[in-house]
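Welcome, and thank you for taking a look at this structure with us. Please have the sequence and the 3D view open as you read.

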Amino acid sequence: MWSNAGVLTLVRHGRTAANAAGLLLGRLDPPLDEVGERQAACIAAALGVVDVVVVSPLLRARQTAAAFATEVEVDERWLELDYGELDGRPVSSVGVDVWDRWRRDPDFVPAGGESLAAMAVRVTEACEALLTLAVDRHVVVVSHVSPIKAAVAWALASGPETAWRSHLDQASITRLGITARGPVLRSFNEIAHLGADAPVHMRIEG
């Protein structure tokens, strides 16, 4: 049984049609699909009473957060990575050379987009802003795949390239312990709460 005291809970939003279609999904703003709506309800049921909900301004995150039936605080630092001209494209259509460069260089910026390193800076600021609040209250952040991975990298004191060595499902739960010695990763990519609506394991970003 999880104790929510001293835990910062990170939730990836529920599924959208773009996710289901295998598209890169950054700053495009589609709603949850029917599966995503059910996933949001499952998340809220699994986490129970929540004191504070912080959410990305994108619709899919706000709709997921609405399942908690409590007031939410919008924080743009939890926005998804900006994929620039790649946003909305099928993952499979992105060239191998682009993926290789992205993996090698955290400062790589897709045309019109944002680097992993730049995103890590804003996510680190967002995490540190919640440290005091999360000590004695149940704080939930509803965000996206890349910012949540960046928050995990922050907790592990590792670089943004850590994102490439982990998989995070839609509607998953990740928990960071907030201790006197710093943040600690307590769980990653929990999906048991989703039951039949657990995502199929395939690479879908956003």
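Does R77 count as buried, partly exposed or exposed, and at what relative accessibility? The answer is partly exposed, at 28% relative accessibility. Before we return to this residue, please keep in mind that the model is predicted.

## The sheet

Six strands form an open sheet in the order β3-β2-β4-β1-β5-β6, and their pairing is mixed. At the edges are β3 (72-74) and β6 (182-190), each of which pairs on one side only. From one strand to the next, the twist averages 20°.

With β1, β5 pairs in the antiparallel sense over five bridges. With β6, β5 again pairs in the antiparallel sense, over six bridges.

Now look at β1, which covers residues 7-12. Why is this strand described as largely enclosed by the rest of the structure? Six of its six residues are buried, so the rest of the structure largely encloses β1. In a regular strand, side chains alternate between the two faces of the sheet. In β1 both faces are covered: V7, T9 and V11 are buried on one side, and L8, L10 and R12 are buried on the other.

Two strands pair with β1. The pairing with β5 is antiparallel, and within it L10 has T174 as its bridge partner. The pairing with β4 (residues 139-143) is parallel and runs over five bridges, and there the bridge partner of L8 is V139.

Helix α2 (residues 34-47) lies across β1, β4 and β5, and its direction is at about 165° to β1. Helix α3 (residues 59-66) also packs on the sheet, where it touches β1, β2 (52-55), β3 and β4. The direction of α3 makes about 165° with that of β2.

Helix α5 (116-134) is another one to find in your viewer. With 19 residues, α5 reaches 25 Å from its first C-alpha to its last, close to the 27 Å expected at 1.5 Å a residue. Among the buried residues of α5 are L116, A120, V123, A126 and L130. The elements that cover the buried residues of this helix include β1, β2, α4, β4, α6 (145-155) and β5.

Which loop holds E114? E114 lies in the loop between α4 (96-104) and α5. At 12% relative accessibility, E114 is below the 20% cut-off and so counts as buried.

The side chain of E114 makes a polar contact of 3.3 Å with that of R27. Another polar contact, of 2.9 Å, joins the side chains of E114 and R122. R122 and E114 also meet in a salt bridge (2.9 Å, N to O), and R122 counts as buried at 13% relative accessibility. Together, R27, E114 and R122 are linked in a network of salt bridges. Leaving aside neighbours within four places in sequence, the residues in contact with E114 include E80, L81, D82, F108, V109 and M119.

## Other salt bridges

How many salt bridges does the structure hold? There are six. One of them joins D33 and R15, whose closest N and O atoms are 2.7 Å apart. This pair links distant parts of the chain, 18 residues apart: D33 is in the loop between α1 (17-20) and α2, while R15 is in the loop between β1 and α1. D33 is buried, with a relative accessible area of 14%, whereas R15 counts as partly exposed at 26% relative accessibility.

This brings us back to R77. R77 forms a salt bridge with D75, and the closest N and O atoms are 3.0 Å apart. D75 is buried, with a relative accessible area of 11%, while R77 counts as partly exposed.

Note on methods:
Residues are numbered from 1 along each chain as its sequence is written. This is a predicted model: local features need pLDDT of at least 70, side-chain atom pairs count only at pLDDT 80 or more; totals for chains, interfaces and linings use all residues. Side-chain values use heavy atoms; hydrogens and water are left out. Buried means under 20% relative accessible area, exposed over 50%, partly exposed in between (1.4 Å probe, protein chains only). Helices (H or I, at least four residues) and strands (E, at least two) are DSSP runs, numbered from the N terminus. Two strands pair if DSSP finds at least two bridges between them. Axes are lines fitted to C-alpha atoms, for helices over the stretch in contact, and angles run from 0 to 180 degrees between N-to-C directions. Contact means heavy atoms within 4.5 Å. A polar contact is a pair of N or O atoms within 3.5 Å; within protein, one must be able to donate a hydrogen and the other to accept it, and residues adjacent in sequence count only if both atoms are side-chain atoms. The expected span of a helix is 1.5 Å times one less than its number of residues. A salt bridge is a side-chain nitrogen of Lys or Arg within 4 Å of a carboxyl oxygen of Asp or Glu.
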